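Subject: Structure for your files

Hello,

Here is the structure, with its sequence.

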Amino acid sequence: MSTKRSALVIGSGFAGLSVASFLAKAGFKVTVLEKNAGPGGRARQLKADGFLFDMGPSFYWMPDVFERYFAQFGKKVSDYYELDRLDPSYRVYWEEGHTDLSADFETLKKTFDSIEPGSGEQLEKYLQEALVKYEVGMGRFVHKPGLSLTEFMNWETVSGALKLQLLTSISKHVAHHFTHPRLRQLMEFPVLFLGALPQDTPALYSLMNYADIKGGTWFPKGGMYAVVEAMYKLALELGVEFKFNETVSEFKIDKVAGSKRRGQISAVVSSSGVYSADAVISGADYHFTEQQLLPAAYRQYSEAYWKKRVMAPSCLMYYVGLNKKLKNPVHHSLFFDVSFATHGHEIYKEPKWPTEPQFYVSVSSAT
Ligand SMILES: Cc1cc2nc3c(=O)[nH]c(=O)nc-3n(C[C@H](O)[C@H](O)[C@H](O)COP(=O)(O)OP(=O)(O)OC[C@H]3O[C@@H](n4cnc5c(N)ncnc54)[C@H](O)[C@@H]3O)c2cc1C
């Protein structure tokens, strides 16, 4: 009989794939239970009428993060997929005309100068500060395991945190460097990925401008799904077992003697059976796992608590296949041709379908 400790992972999105591989590397016998027919979660693929679509993510930023992930398994990104750097990184359409964001920094500075004289130099200064935030944010916070507060209790981290501008909003920070509304909008745009308004987001997130402009916008050959395939393949290589079309509906809990609220998951109930393991990790949404899978007695929060949380907004997606080729399409096009203030207000402050939605078009076949 195997003495290997066992782990069940719920979901095979990026989080589930990642945790499954790390657990397998740590010596666990890992089984992933996924409700869909294949891996990927929000990053899965749609095949329809001869067309292939990435269903979720389309912007590949921070290539260093992907490289770091595979390196922890003795692998490289290039062992699994090939990357192209996009140039322009993306195109922004205004009410009149458009701006291409060049991948070449000197060209980009000239573009900025053509919109607002002197702003190329400001961009350079802005990105020097953003680099510090990127290095402190990633090195001293994101890449820490987060198991204990003591990880953050050292002078380097505390002094680094002071440089992060947690108390200034990114919109104020951007306004300090740039005056022209177009430049302000360009610099505030990456924050929208976080699902929040620039005026409500700390200037720390100018690290995303660094990721965007200096790190670059990349695209894996074969589409974003190539990343899912790579992580899935790595997990299989490490011996992870996947069970698809398995919807988990409940955790069974064994009480810890003498405690009303503490327990241990003894079994996971899914659409086709009951599984048990030494450890269970959910890669499904936190709210769902807490409120649907955990029995009420073991939940940390009430439904009323969750109702007060501000969730990042969803978006309406169309997957469009054309029967003819577009002339010179750009991979990423952002349409900032309507008022962002009105759009932002209608989404975040008085939530309703925006009267004039801003939108984004990804033509991945252009690459
Ligand atoms: C439209 C869109 C565009 C995006 N664009 C970008 C982008 O350009 N760049 C970027 O970096 N990020 C982007 N993101 C964000 C990124 O896609 C997500 O952060 C990421 O895919 C989330 O991965 P995850 O593993 O945390 O969650 P998920 O992908 O949601 O994975 C959760 C998994 O759990 C499974 N599951 C849930 N409940 C159960 C259950 N009861 N039983 C069994 N399995 C279950 C789900 O089927 C799913 O496979 C985008 C997201 C969306 C939706």
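Below are notes on the ligand site and on one helix pair.

The model is predicted: local features need pLDDT of at least 70 and side-chain atom pairs count only at pLDDT 80 or more, while totals for chains, interfaces and linings use all residues. Residues are numbered from 1 along each chain as its sequence is written, and side-chain values use heavy atoms, with hydrogens and water left out.

Ligand site. The ligand is surrounded by 24 residues (near means a heavy atom within 4 Å), and the closest are A15, E34, R42, F59 and V248. By class, this shell holds 10 nonpolar, 10 polar and four charged residues (Ala, Val, Leu, Ile, Met, Phe, Trp, Tyr, Cys and Pro count as nonpolar, Asp, Glu, Lys and Arg as charged, the others, Gly among them, as polar).

A side-chain N or O atom of E34 is 2.6 Å from an oxygen atom of the ligand. For R42, a polar side-chain atom lies 2.7 Å from a ligand oxygen. A polar backbone atom of G41 is 3.5 Å from an oxygen atom of the ligand. Taken alone, the ligand exposes 1,000 Å², of which the protein buries 72% (Shrake-Rupley method, 1.4 Å probe).

Helix pair. Helices α3 (residues 105-115) and α4 (residues 119-142) pack at about 125 degrees, with axes 7 Å apart (helices are DSSP runs of H or I, at least four residues, numbered from the N terminus; axes are lines fitted to C-alpha atoms over the stretch in contact, and angles run from 0 to 180 degrees between N-to-C directions). The angle makes α3 oblique to α4 (under 35 degrees is roughly parallel, over 145 roughly antiparallel, 65 to 115 roughly perpendicular, the rest oblique). F105, L108, K109, F112 and D113 of α3 meet S119, G120, L123, E124 and L127 of α4 (contact means heavy atoms within 4.5 Å).

Regards

Technical notes: A polar contact is a pair of N or O atoms within 3.5 Å; within protein, one must be able to donate a hydrogen and the other to accept it, and residues adjacent in sequence count only if both atoms are side-chain atoms. Helices (H or I, at least four residues) and strands (E, at least two) are DSSP runs, numbered from the N terminus.
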